Amino acid sequence: MGRRTVRIAMNGVTGRMGYRQHLVRSVLALREQGGLDLGGGETLWPEPVLVGRREHALKEIAGRHGLTEWSTDLDAVLADDTVEIYFDAQVTSARVEAVRKAVAAGKHIYAEKPTATDLDGALDLARRANAAGVKHGVVQDKVFLPGLLKLKRLIDGGFFGRILSVRGEFGYWVFEGDWQEAQRPSWNYRAQDGGGITVDMFPHWEYVLHDLFGRVTSVQAHVATHIPQRVDEQGRTYEATADDAAYGIFQLEGGAVAQINSSWAVRVNRDELVEFQVDGTHGSAVAGLRTCRAQHRGTTPKPVWNPDLPATYDFRAQWQEVPDNTEFDNGFKAEWELFLRHVALDEPFAWDLLAGARGVQLAQLGLRSHAEGRRLDVPELTL
Ligand SMILES: NC(=O)c1ccc[n+]([C@@H]2O[C@H](COP(=O)([O-])OP(=O)(O)OC[C@H]3O[C@@H](n4cnc5c(N)ncnc54)[C@H](O)[C@@H]3O)[C@@H](O)[C@H]2O)c1
């Protein structure tokens, strides 16, 4: 009975994801709702300790949200025995070193994806965390999106019959930074800084495909840098050394095939920034971030190819909205809650550092598939 505090070192909270999704929309949102209800009259109260490199930025964020604990000294925070969890949303290239330190200090680990820039680094983190006996988790937020939760409901309800294929379209135009500011950080476009859309997005596609349809067994990718020069936050022109588009084909355990285009050099002509169309023998569905529309075999029209006549069907109108039937919380917060329950109550948690390593593996093999111009098997990872 009562309130139990869990102190969480949060590194990278000055960044886009660390601040908005993890600090404000997850940890502070949990505090706004009175803490996490653990059942039996017990509540878990998350106490963030902000960690970063820029003192003034941390101080400003702490002040804005009435927080009192912040530090630019990661080692000192990790040496504090009252801190139980280390969370990392730094740039990807800084992750491995910091997480290793946190594991050595005996902290439970929760980290953004990708967990490392290469598979060896990602597996090493998983091995170290297991050896140290700490709990660990990786942000895999897309499977908590309302659209994908509704899609999962259709799958679990047997709506599709045999699933044949999945087609994903992800992307939007990221401004080059010259005449309009880029809406993503410039390190995303420099390979030497851990950037690249394959490294960024294939980890997401790995767990989306794995959790919903089956493990990825092979990958074939074509990768491109469509925009070779961009302008950074300081107005300096730089060479984009990382890929800004990746066109992937993934074979899945169970026989379905997935084809996903990811691009920061495409203009949106869809309802959402990401959409997946799933076609099965008994039905099809299109899921985005929030919505999911379905068409059953019984309501499937029978168009006939005739380019001489104007289209007679309003194809989009022939799909039915899948109802929410529940309230969906922010996906990042939903996963935080599960991870905190894992730490506090030892409840199971599926998305650990080994799952994170699978994402890094798929990104690495995707890039290799492009470089070698061939399809590659994706071996099952073990520790
Ligand atoms: N789950 C998701 O949907 C999702 C979406 C975007 C990004 N991410 C991941 O989150 C992480 C952060 O991405 P972001 O978009 O918030 O980046 P960002 O550039 O906005 O933030 C990066 C953070 O890392 C810190 N940092 C530490 N060392 C640094 C260094 N050497 N150079 C620059 N910054 C440094 C910065 O101070 C800042 O707090 C990345 O690993 C990225 O892959 C995840």
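Author: A nonpolar core is here a set of buried Ala, Val, Leu, Ile, Met, Phe, Trp, Tyr and Cys residues that are joined through C-beta atoms within 7 Å. The model discussed below is a predicted one.

Reader: Where does the largest nonpolar core lie, and which residues have the most contacts inside it?

Author: The largest nonpolar core has 96 residues. Domain 1 (2-140 + 331-351) and domain 2 (142-327 + 361-376) both contribute residues to this core, so it lies between the two domains. The residues with the most contacts inside the core are Ala9, Met10, Leu50, Ile109, Leu151 and Leu209.

Reader: Which residues does methionine 10 touch, leaving aside those up to four places away in sequence?

Author: Methionine 10 is one of the residues with the most contacts inside the largest nonpolar core. When residues up to four places away in sequence are not counted, methionine 10 touches Gly18, His22, Leu23, Pro48, Val49, Leu50, Val51 and Phe87.

Reader: Is strand β15 mostly covered or mostly open, and how many of its residues are buried?

Author: From β15 (residues 283-287), Gly283, Ala285 and Ala287 point one way, whereas Ser284 and Val286 point the other way. In a regular strand the side chains alternate between the two faces of the sheet. The residues on both sides of β15 are buried, and the strand is thus mostly covered, the number of its residues that are buried being five of five.

Reader: Which strands pair with β15, and in what sense?

Author: Strand β14 (residues 274-280) pairs with β15 over four bridges, with glutamine 277 standing opposite valine 286, and two residues lie between these strands in a hairpin. Strand β16 (residues 292-296) is joined to β15 by five bridges, with histidine 296 as the bridge partner of glycine 283, and the hairpin from β15 to β16 passes through four residues.

Reader: How many residues of helix α7 are buried?

Author: Helix α7 (residues 197-212) reaches 22 Å from its first C-alpha to its last, close to the 22 Å expected at 1.5 Å a residue. Just after α7, glycine 214 takes a positive phi of about 140 degrees. The helix itself is mostly covered, and the count of buried residues is 15 of 16.

Reader: Which peptide bond is cis, with omega near -15 degrees?

Author: Most residues other than glycine have a negative phi, and most peptide bonds are trans. Proline 114 is found in the loop between β6 (108-111) and α5 (119-132). The cis bond, with omega near -15 degrees, is the one from lysine 113 to proline 114.

Reader: What is the phi of aspartate 346?

Author: Aspartate 346 lies in the loop between α8 and α9 (353-372), and it is exposed, with 9 other C-beta atoms within 10 Å. Its phi is positive although the residue is not glycine, the value being near 65 degrees.

Conventions. Residues are numbered from 1 along each chain as its sequence is written. This is a predicted model: local features need pLDDT of at least 70, side-chain atom pairs count only at pLDDT 80 or more; totals for chains, interfaces and linings use all residues. A residue is buried if 20 or more other C-beta atoms lie within 10 Å of its own, exposed if 12 or fewer, and partly exposed in between; C-beta atoms are placed from the backbone. Two strands pair if DSSP finds at least two bridges between them. Domain bounds come from an automatic or database domain assignment. Two residues are in contact if their C-beta atoms, placed from the backbone, lie within 7 Å. The expected span of a helix is 1.5 Å times one less than its number of residues.
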